[in-house]
Amino acid sequence: MSLSPQEVKAVAHLARLELSEAELAAMTRQLGAILDYVAQLQQLNVEGVEPLAHALEVQNVFRDDEPAPSLPVAEALANAPDRRTDARGEQFYGVPAVLDTDA
């Protein structure tokens, strides 16, 4: 399918693109080649071919999410450089503040 430079200009305008004359000539050729390829694909007989969501077979590689015992707090915080305790006595990691409170 052949596109005219005016049609490519119209598409470029819709896309808010400003094309030089050299770019317009190149885009006209390239878009024409793309449309020719799409027209070629439309001629294929795909009757009986199932549509694909993926080119390869997809399988779930994750394990089942089952409850399991977690690390004790003391072991989880063993290497913490800043270990803190709240008013209820629960321990947690201390991290630097990321919010600017001077604003």
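These are my notebook entries on a predicted model of a protein chain.

**Entry 1: the whole chain.** I began with the overall layout and found three helices and two strands. Reading along the sequence, I wrote down the pattern α-α-α-β-β. The radius of gyration came next: it is 30 Å, well over the 13 Å that the globule rule gives for 103 residues, so the chain is more spread out than a compact globule. I also looked up the box that the C-alpha atoms fill, and along the principal axes it is roughly 75 × 50 × 20 Å.

**Entry 2: surface and contacts.** How much of the chain counts as buried? I found 10% of the 103 residues. The chain exposes about 10000 Å², and carbon and sulfur atoms supply 57% of that area. I then turned to contacts between residues at least 6 apart in sequence, where 20% join residues at least 24 apart.

**Entry 3: helix 2.** This helix has 22 residues. From its first C-alpha to its last I read 31 Å, close to the 32 Å expected at 1.5 Å a residue. I listed its buried residues as Leu 24, Ala 26, Thr 28 and Gly 32. My next look-up was their packing partner, which is helix 1 (5-14).

**Entry 4: Thr 28.** Is Thr 28 buried or exposed? Its relative accessibility is 13%, and because buried means under 20%, Thr 28 counts as buried. Its side chain reaches the backbone oxygen of Leu 24 at 2.7 Å. Leaving out residues up to four places away in sequence, I noted that Thr 28 touches Leu 3, Ser 4, Pro 5 and Val 8.

Key:
Residues numbered from 1 in each chain as written. Predicted model: local features only at pLDDT ≥ 70, side-chain atom pairs only at ≥ 80, totals over all residues. Heavy atoms only, no water. Buried < 20%, exposed > 50% of the residue type's maximum accessible area, 1.4 Å probe, protein only. Polar contact = N/O pair within 3.5 Å; in protein donor to acceptor, adjacent residues only side chain to side chain. Contact = heavy atoms within 4.5 Å. Helix = DSSP H or I, 4+ residues; strand = E, 2+ residues; numbered from the N terminus. Expected span 1.5 Å × (residues − 1). Rg over C-alpha atoms; globule rule 2.2 N^0.38 Å. Areas by Shrake-Rupley, 256 points an atom, 1.4 Å probe, with all protein chains shown as cover.
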